[in-house]
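Please look over the model below before reading my comments.

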Amino acid sequence: MTLAKDYKNHSRRTLVVLMEDKPGVLSNVSNMFRRRNYNIESLTVGHSETLGISRMTVVVHASDTVLEQVIKQLYKLIHVTKVTDITDDDAVIRELALIRVHAISTSRAEIKQLVDIFRAQIIDVAHDSMTIEITGTEDKVDSLVEILRPFGIKELTRTGRVAMVRGGLAVGGRG
Amino acid sequence: MKMNGAQIIWECLVREGVDIVFGITGGKVIPLYHELPGFPIHHITMRHEQAAAHAADGYARATGKVGVCVATSGPGATNLVTGLANAQMDSSPIVAITGQVASGDLGTDAFQEVDITGITMPITKHNYLITSVEDLAQAIREAFHIARTGHPGAVLLDVTVDAQMGQCEFVYPETVNLPGYKPHTRGNIRQVAQAAEMINRAKRPVLMVGRGVIVARGQDELVELAEKAQIPVATTLLGKSAIPESHPLSLGMGGMHGEAYANLAVQQADLIIGIGTRFDDRFTSAAHTFAPQAKIIHIDIDPAEIAKRVRVDLPIVGDALNVLRELVPLVQEAQHAEWIELIERWRADSREHSRYWEDGDILVPQYVVRSICELTKGDALMVSDVGQNQMWEAQYYIHNRFGGLISSGGLGTMGFALPAAIGVQMGRPECAVWVVVGDGGLQMTIQELATIVQERLPIRIALLNNGYLGMVRQWQEFFFEGNYCGTPILGPDFAKVAEAYGMTGITVCDKAQVGEALERANQIDGPVLIDFRIEQEHNVFPMVPAGRPIDEMIRRPKQG
């Protein structure tokens with residue numbers, strides 16, 4: 001079996017990657033995914049609880065064997081300090097989306113009702129549009145987007161998945 | 001003590017044990033070069049930056065030390081790219097220092113500005129952009145540490161011109177603290193014990209050895225293991241010279257152009273012990289066809305190499321020397337008499353196949369390489385280029401000196417041999433250095449003949465001149481209907497070119513002249529180029545067609 005070409009048995013995996021916050025480290029990571037032909041769905045990055053350490057959440061489509069390579073290749077990057085596969089852990093997974101939807105006087109009430117059902121928030125209103133903020137699982141964000149689509153979505157931005165394991169130890173090893 | 005950035009760079013290099021650097025100056029390294037005469041470092045002025053990187057690479061391979069090359073910003077830096085990729089692919093520790101435009105001009109497309117850290121990110125082990133003199137010492141210390149430890153590789157330091165000229169208090173960093181970089185050098189004891197058990201149970205074991213054994217200097221332990229348990233040793237191209245090839249257990253090189261008996265042994269084996277090899281496709285061919293009956297033990301310093309291409313039954317992450325030292329005492333003595341006898345029958349058969357070129361007056365490359373081998377008693381440092389010349393060298397030069405072959409394996413960089421040989425000879429002045437190169441590869445870096453003459457290096461160049469980009473021509477002959485598109489090349493009179501550069505040039509057209517020409521070359525105290533006008537459409541046999549299992553090779557045409 002050729003391992004790198006084992007595209008069967010792919011599934012979505014969530015990795016949490018801790019890395020030193022040095023210049024070029026983000027492009028180094030994304031570059032590695034591209035050149036090794038790994039299939040990433042989303043990648044988010046920001047500060048972690050430790051000063052000087054950034055935390056990245058990567059969603060990658062991979063088989064077990066490819067995932068093993070992804071993790072090893074991440075570790076090969078000098079500034080990467082910790083890689084954790086949290087796919088099978090009990091984790092809190094969230095995404096934030098901003099949705100600007102076409103809204104005129106006749107549709108505003110209906111949109112507001114839908115937004116309330118999703119426990120989302122209207123954060124801006126203009127004469128022909130409303131901007132909605134939603135935080136939740138990707139499924140929940142998907143559903144709201146689909147429900148709002150008939151009204152006319154003028155602009156949409158999603159952060160991609162961020163994740164944290166419930167309770168226990170932090171991925172960086174702190175209690 | 002207050003020092004400027006340029007002084008700090010040289011001081012740090014001296015402290016890393018560097019006494020030779022290969023480079024070319026330019027606008028954005030003038031401050032760096034201005035300070036060089038104050039330091040005990042010999043600078044070799046190359047004629048092209050690619051050659052500087054190859055020379056540093058050759059130096060690193062020949063000495064086990066870190067090779068250093070220097071180039072200016074922009075085109076100087078981009079010219080290093082091939083050399084960096086080459087060193088990185090073959091795990092050769094080099095540090096490249098490039099000049100960069102002033103930090104205030106970064107990103108403005110200034111004259112000779114190029115984002116070399118961006119360009120080289122995927123082809124270096126690590127790189128640095130240094131814009132402040134205060135960061136220099138720490139970065140250089142880290143760069144050498146990263147280049148030489150773990151899975152060795154290429155590291156680039158891009159230093160802005162203001163960082164070279166700025167002043168600061170020089171404090172040499174005694175330690176390196178890289179929380180994300182901790183190579184495993186000791187194999188897991190339980191896994192080593194398990195490996196010994198697998199070896200003790202095996203009926204048809206084969207050791208598959210790569211350059212990792214040479215890097216780790218594990219040659220004695222390798223021979224000890226092979227002899228104790230009577231395990232034949234096949235090598236990759238870059239693993240050649242990890243074991244003396246006249247050793248009865250040496251099978252030479254396996255793979256696409258490996259000897260039939262080596263490949264048969266691998267394919268029939270019930271256990272493959274891969275050490276310091278990445279199971280490259282030139283050895284294994286299509287991974288699913290490789291060693292179908294064998295369990296595979298893989299010993300490597302780099303966890304990412306394990307299970308990258310082939311399935312592995314037992315991984316051991318560690319330095320080849322450390323792991324071998326722990327493994328040898330646990331392995332029982334064995335004979336494997338039947339297995340070795342079978343391999344010897346295959347070896348005898350291969351010998352029959354390899355005689356087809358021995359008779360006749362035609363000047364064939366095998367004869368040239370065999371003659372060089374006899375002349376130098378298998379003891380020279382051979383630097384081969386890429387293509388047919390490389391394979392003939394690998395097949396017919398019996399390497400008995402540890403680390404005696406230096407070649408571009410992973411990247412397959414034509415033009416590597418000549419500049420690499422400069423680094424090899426500089427690093428090992430006491431050794432005879434021979435270059436085996438084709439007329440295609442030689443013309444890619446031929447300007448370095450000038451460097452060889454300037455430095456008075458007694459390098460002997462055996463040019464296997466067939467007027468073709470021969471390996472591609474061979475593929476065209478075998479697999480593309482003999483359509484020689486883009487492969488015929490007209491060369492100059494190479495002996496005259498050599499003479500024009502100030503070295504001895506000899507032309508050999510007949511087989512009968514080979515011995516005399518080699519003798520003459522050997523006597524001359526200085527560089528020599530011998531232009532061997534070999535049979536033009538001679539092929540490399542055996543050959544495994546792409547994607548086929550390695551025991552389905554095209555054999556040599558049998559005599560008669």
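The points below take the aromatic pairs, then charges over rings, then the patch.

1. Basis. This is a predicted model, in which local features need pLDDT of at least 70, side-chain atom pairs count only at pLDDT 80 or more, and totals for chains, interfaces and linings use all residues. Residues are numbered from 1 along each chain, chains are lettered from A in the order written, and side-chain values use heavy atoms, without hydrogens or water.

2. Aromatic pairs. Over all chains, the search finds twelve. Rings of Phe, Tyr and Trp (its six-membered ring) pair with centres within 6.5 Å; planes under 30 degrees apart are stacked, over 60 edge-to-face, the rest tilted.

3. Phe279(B) and Phe290(B). Their ring centres are 5.9 Å apart and the planes stand at 75 degrees, so the pair is edge-to-face. Eleven residues separate the two.

4. Trp357(B) and Tyr396(B). This pair is also edge-to-face, at 5.4 Å and 90 degrees. The partners are 39 residues apart. Trp357(B) and Tyr396(B) are buried.

5. Cluster. Tyr356(B), Trp475(B), Phe478(B), Phe479(B) and Phe541(B) form one aromatic cluster.

6. Charges over rings (NZ of Lys or CZ of Arg within 6 Å of the ring centre and within 35 degrees of the ring normal). Arg15(B) lies over Tyr172(B), at 4.8 Å from the ring centre. Lys511(B) lies over Tyr367(B), at 4.9 Å.

7. Leu98(A). This residue is partly exposed, with a relative accessible area of 32%.

Methods. Buried < 20%, exposed > 50% of the residue type's maximum accessible area, 1.4 Å probe, protein only. Helix = DSSP H or I, 4+ residues; strand = E, 2+ residues; numbered from the N terminus.
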